[in-house]
Amino acid sequence: MARLKERLSDIAQLASVNALLEWDQEVLMPAKGADARAAAIALVSGLHHQKLISIDDDKTLSLLRKDVETKKLKGEGAVMVTDTWRAYERERKLPEAFVRELAETTSKAHLVWVEARRANEFKRFLPMLRKIVKLKRKEAELVGFKKSPYDALLDAFEPGLTTEEVTTMFDDLKDFLVPFLKQLQSVKGKTDTKRILGTFPLERQRDFNRFVAEKMGFDTAAGRIDESVHPFTTSFHPSDARITTRYKAHDLMYSVGSTLHETGHALYEQGLRAEHFGTPLGEAVSLGVHESQSRLWENNIGKGAPFWKYLYPKLQAAFPEPFRQVPLKDFLRIVNNVTPSLIRTEADEVTYNLHILIRFEIERELIEGSIDPKDLPAIWNEKVKTYLGIPVPDDRLGVLQDTHWSQGLFGYFPTYTLGNLYAAQLYAAMERAIPNLSKEIAKGALSVPREWLRDQIHAKGKRYAPAELMKRVTGEYPTSRYFTEYLKAKYAAPVA
Ligand code: MG
């Protein structure tokens with residue numbers, strides 16, 4: 001076991017080196033550095049791949065697997081072996097020539113997608129998309145699956161979850177959301193969301209965002225807050241987790257929302273147990289659970305009345321204009337405003353998941369081979385009309401808006417909605433466990449929810465599969481029910 005841990009630690013160090021190269025590429029690297037950086041990243045990725053596929057060369061891992069089978073090895077040790085075997089098997093099933101072809105294709109495709117989007121012309125992207133879909137179908141075949149080839153792709157991001165389970169959860173959600181949105185639109189009055197716009201000097205925005213992140217428990221001695229076009233979180237070790245945010249001079253909440261979100265991710269990374277670094281016990285369990293941590297802070301806490309009861313006076317003191325003129329009640333109505341829009345990343349809590357449903361339904365069918373890539377714009381536009389009730393004027397605001405497919409990320413989108421569903425289910429469990437939770441949050445005692453999440457989720461690493469972890473923490477397997485209840489409660493009455 002010591003030998004296995006040592007090898008896993010080496011593999012994790014290589015992954016951290018890569019993550020650092022990528023962080024630098026997004027945050028600091030000058031434009032001319034792109035080609036040299038791509039070569040460096042390719043080299044380190046190759047080393048990582050080689051280390052992983054040779055992990056069982058002396059049969060250490062195979063022998064440990066026998067011990068798990070005969071129950072000689074149980075508990076955390078068994079998890080370490082089983083999960084490492086899972087990663088090793090997946091990596092081994094993909095021949096190097098295939099991995100290289102996929103990497104080269106997606107790297108080219110990304111540039112083609114950027115061009116196609118700029119030109120607002122899906123046709124330009126179509127040949128590349130066709131090729132990527134073909135490769136991803138091939139990947140599913142190589143990895144193997146029971147029912148749907150989409151299972152094999154989903155499994156890379158949400159281990160153990162099947163297409164069938166996601167479909168059930170998402171269909172339930174859709175049955176609720178589509179009529180719920182119509183109903184909301186029929187009753188709500190106009191909310192003037194422009195009332196919270198103003199002029200916010202960047203330096204003061206930075207100070208305020210830092211204050212929020214630190215208040216949530218982000219350890220700035222074990223992390224950094226920087227800026228990038230697309231906010232993200234990365235981590236090299238629990239002692240060095242980094243977030244980025246972005247600023248708009250006239251819209252303070254633009255940066256605050258992304259800081260809450262990314263800090264939620266970073267708390268997960270800082271909360272992993274350092275003594276297990278590199279092993280499955282020291283890694284986040286899935287993308288869906290990761291996203292639940294960010295969404296729980298961004299939405300369930302960060303758009304709620306208790307949180308702003310504490311923070312709003314501080315916001316008003318830091319930015320008297322325009323917030324002194326906006327009562328808390330109005331502010332909450334504005335940050336919780338629901339309006340169908342074309343762009344996923346700007347969507348509210350209700351419509352966001354409809355954006356994801358559209359992508360999930362399309363990519364599942366692409367991978368299963370039941371739709372042809374050339375029909376995508378028509379299918380996309382029709383679904384947007386049906387689910388969100390708005391027309392799509394062009395492909396830039398429609399099927400070409402996200403980068404994911406150009407990067408070969410099929411099976412990734414569902415984890416965004418899973419994050420929302422898990423967040424609501426976890427928040428409900430937290431409220432049951434901590435009866436005075438709202439009062440604590442209203443006092444600014446954000447360590448109360450943070451410590452609960454740390455014990456229940458972060459410190460567990462991959463000890464349990466995502467669905468099993470949810471069952472242990474909340475008493476139920478993942479369901480969309482808590483999320484729909486949460487929305488009903490929130491929008492039945494004015495949020496304040
Ligand atoms: Mg996220």
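Predicted model: local features only at pLDDT ≥ 70, side-chain atom pairs only at ≥ 80, totals over all residues.
1. Helix H11 (residues 287-301) holds Glu 298 and Arg 295, which are separated by about one helical turn because they are 3 residues apart. These two residues form a salt bridge in which the closest N and O atoms are 2.9 Å apart, and both Glu 298 and Arg 295 are buried.

2. His 458 is placed in the loop between helix H19 (447-456) and helix H20 (466-474), and it counts as buried, with a relative accessibility of 1%. Leaving aside neighbours within four places in sequence, His 458 is in contact with Leu 267, Tyr 268, Gly 271, Leu 272, Gln 293 and Leu 453. With one of these, Leu 267, there is also a polar approach, since a polar atom of the His 458 side chain lies 3.3 Å from the backbone oxygen of Leu 267.

3. On the scale of the whole chain, the domain assignment gives domain 1 (2-144) and domain 2 (163-491). The contact between them takes 35 residues from domain 1 and 41 residues from domain 2, while the centres of the two domains, taken over C-alpha atoms, are separated by 26 Å.

4. Domain 1 and domain 2 bury about 3300 Å² between them, and 66% of this area is on carbon and sulfur atoms. Within the area that domain 1 buries against domain 2, Trp 23, Asn 120 and Phe 122 supply 19%, more than any other three residues.

5. The polar side of this contact can be counted as well: between domain 1 and domain 2 there are 3 salt bridges and 13 residue pairs in polar contact, both residues of each pair being at pLDDT 80 or more. On the side of domain 1 that touches domain 2, helix H1 (2-27), helix H4 (75-93), helix H5 (96-119) and helix H6 (122-143) each supply at least two residues, and H1 gives the most, with 11 residues. A salt bridge also joins Asp 83 and Lys 462, with the closest N and O atoms 3.6 Å apart.

6. Helix H3 (residues 60-69) has Thr 60, Leu 61, Ser 62 and Leu 64 as its buried residues, and the buried residues of H3 pack against H1 and H4. Just after H3, Lys 71 takes a positive phi of about 65 degrees. A salt bridge is formed between Lys 72 and Asp 67, the closest N and O atoms being 3.7 Å apart; Lys 72 counts as exposed at 68% relative accessibility, whereas Asp 67 counts as partly exposed at 21%.

7. Leu 437 is found in helix H18 (residues 437-442) and counts as buried, because its relative accessibility is 1%. Not counting residues up to four places away in sequence, Leu 437 touches Tyr 427, Met 430, Glu 431, Val 448 and Pro 449. Val 384, by comparison, is 53 residues from Leu 437 in sequence and 38 Å from it in space, C-alpha to C-alpha.

8. The side chains of Glu 440 and Lys 443 meet in a salt bridge (3.5 Å, N to O). Glu 440 counts as buried at 16% relative accessibility, whereas Lys 443 is exposed, with a relative accessible area of 57%.

9. A search of the whole structure finds 37 salt bridges. A network of salt bridges links Glu 115, Arg 118, Glu 121 and Arg 124.

Terms used: Residues numbered from 1 in each chain as written. Heavy atoms only, no water. Helix = DSSP H or I, 4+ residues; strand = E, 2+ residues; numbered from the N terminus. Buried < 20%, exposed > 50% of the residue type's maximum accessible area, 1.4 Å probe, protein only. Contact = heavy atoms within 4.5 Å. Domains from an automatic or database assignment. Buried area = accessible area lost by both parts, 1.4 Å probe. Salt bridge = Lys/Arg side-chain N within 4 Å of Asp/Glu carboxyl O. Polar contact = N/O pair within 3.5 Å; in protein donor to acceptor, adjacent residues only side chain to side chain.
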